[in-house]
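Try each task with the structure open, then follow the solution step by step.

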Amino acid sequence: MSMPEADGGALSAHSAHSALPSDLTGLVDRVRDRLAGLGVEPEPDEVVRAVRAESGVLHGHLDLLRTARVVREHLAGAGPLEALLASPGVTDVVVDGPGPALVDRGRGLEETSVVVPSEAELRALAVRLAGRAGQRLDDARPWADGVVRSRDGISWRLHAVLPPVSVDGTCLSLRVSRPAQATFDHLVSSGTVPAESEALLRDLVAARVGYLVVGGTGSGKTTLLAALLGLIPHGERLLCVEDSPELRPAHPHVVRLVVRHGNVEGAGEVTMSELVRQALRMRPDRIAVGEVRGGEVADLLAALNTGHDGSAGTVHANSPTELPARLEALGALGGLERTALSAQVAASLRVVVGMRRRPDGSRGVDSIGVVRRGTDGIEVDPAWRADGGVTPGRAALAALLRDRVAEQTR
C-alpha cells in the first residue's frame, strides 16, 4: 500500500514536521510496541493498520495516510531527514549537532529548513540507523560506519559520531547512493559523455579492453560504468560485485553480488574480495567491481588476468595520472608488492577513464588515459582530454583498440 506525499512536494511536506510533533510522540511509541513482534521492518499497510488502531482521533483517509507516513519514517526510515534523502539531486545529508540539516546538491553544502531540535532526538536517530546498518553505536563505541538500504533501491552510506568524541553533539552524515540506470545514449545527449569521446568509449567496450573509471567523490564514476556495461553484447554474462547495490546496467544477463557487513558482534561479514572470488566461479564473460576500496584490487587484477577480457571497475582517484599511486596503496592492502602489482596491471589493465565534477555542478568524462609500464612502475599517458590538451597516448590507444578488434576477428 503506497502512502502519498503531502501537498507541496517532498521537502516542503516534511519541513512542516521536521521534528516529531509532541502529539505524535506517544502514538509512535504505541505503534512501535504493537509492531515489535514482527521482527522485521514493517510494511506500509501494517503501519497504517497500527496507526488506525492506536490513534482513534484521525479524520479522513488522507489524514490517516499522512500520519502513518510520518510515524513510519520515525520507526523505520530516517525520520525528519527522509524527504531530504529522497529529494532528486541530493547526494549528501549531514547534521552536526542539534539544528538545521545541510544538503549537497552538487554545489556544496546548503542549509535547509529541516531541523533536528534536540540532541536526544538526533542521537536516537543515529543509533537507530546504525542498527539498521548492523552496527553498534553507543558510549562504548561512539562511532559507526555502514550502509543502510531502503526498499526503493536507494541506499545511504552512514557515518555517525557520538559525544563526547564529537564535542558539539552527535554528528550524522548520510551519502545517498542511487541505482545507476542511465543509458550510454542518455549520457551522450546530456553532455556527460562529450561527443569527441563517444566513439572511443564505444570502441573500448567492443574491443574487450580492461579498464577502470576514476574520479573524485560524486563525480559520476558508477553512473558511467553502468552505462558502459550496458554496451556489452547481450550474449555475454556479466557479474557485478559491489559494496552498495548501485550498478543496474541495461543488460539482460547480469548477476549482482553485494557485500554483507558484519553484525554488532562482527559475525556474518562477506567481503568484496570473497565475492570477487565467487564471481570467478560463476561462468562470467566479464566482471565489474562497483568500487575498489581495498585489498580486493588484487582479486580484480586476477580476474582481468584469467581470460575475462573487458572487465572493469571504479577507483577513487582525482585523475587517471593519479591512479598508479592509488593502486599501489590499495595493492599493499591486498598483500601485493609494487613489482607484482606493476606486472599484473601492465598485463591486464589497459585504459583509464577519468570523470570530473565541473564547476557548474554537472559531471562528465574529463580524460582517457593509456596504461603502460614505465621504468619506475605503472604510468598513465593521456590519450584524450576534454580541454583539448596534449595527448601523447592517443596513438597508443588507437593501436590498442585496432589490435584488439583484429584479435577478435581472427
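**Exercise 1.** Find the bridge partner of Val-103 in β3.

*Solution.* Step 1: go to strand β2, residues 99–104; strands here are DSSP runs of E with at least two residues, numbered from the N terminus. Step 2: look across to β3, which pairs with β2 in the antiparallel sense over 5 bridges. Two strands pair if DSSP finds at least two bridges between them. Step 3: the partner of Val-103 is Glu-110.

A note before you go on: this is a predicted model, in which local features need pLDDT of at least 70 and side-chain atom pairs count only at pLDDT 80 or more, while totals for chains, interfaces and linings use all residues. Residues are numbered from 1 along each chain as its sequence is written, and side-chain values use heavy atoms, with hydrogens and water left out.

**Exercise 2.** Work out the strand order of the 6-stranded open sheet and say which strands stand at the edges.

*Solution.* Step 1: the order reads β3-β2-β1-β6-β5-β4, and the pairing is antiparallel. Step 2: β3 (109–116) and β4 (143–149) each have a single partner strand, so one side of each has no neighbour in the sheet. Step 3: from one strand to the next, the twist averages 20 degrees.

**Exercise 3.** Do the analysis again for the open sheet of 8 strands.

*Solution.* Step 1: its order is β9-β8-β10-β11-β7-β12-β13-β14, with mixed pairing. Step 2: the edges belong to β9 (254–258) and β14 (377–385), each of which has a single partner strand. Step 3: neighbouring strands are turned by 25 degrees against each other on average, direction ignored. Step 4: zoom in on β8 (residues 238–242), which runs parallel to β9 and is joined to it by 5 bridges. There, Glu-242 stands opposite Val-258.

**Exercise 4.** Is Arg-286 buried or exposed?

*Solution.* Step 1: locate Arg-286 in strand β10, residues 286–292. Step 2: its relative accessible area is 2%, so Arg-286 is buried (buried means under 20%, exposed over 50%, partly exposed in between, with a 1.4 Å probe and protein chains only).

**Exercise 5.** Describe the largest pocket and the two cavities.

*Solution.* Step 1: learn the terms. On a 1 Å grid over the protein atoms alone, a cavity is a set of points where a 1.4 Å probe fits but cannot get out, a pocket is an open set with protein on both sides within 12 Å along at least five of seven lines, and lining residues have an atom within 4 Å of a point.

Step 1: the largest pocket has a volume of about 980 Å³. Among its 36 lining residues, Thr-91, Arg-175, Val-176, Gly-218 and Arg-363 are the closest to its centre. α9 gives the most to this lining, with 4 residues.

Step 2: there are 2 cavities of 30 Å³ or more. The largest cavity holds about 60 Å³ of space, and Glu-242 from Exercise 3 is one of its lining residues. The second largest cavity holds about 40 Å³; its lining includes Pro-324, Leu-327 and Ile-378.

How values were computed: Grid points are joined across faces, edges and corners, and a volume is the space filled by probe spheres set on the points. Axes are lines fitted to C-alpha atoms, for helices over the stretch in contact, and angles run from 0 to 180 degrees between N-to-C directions.
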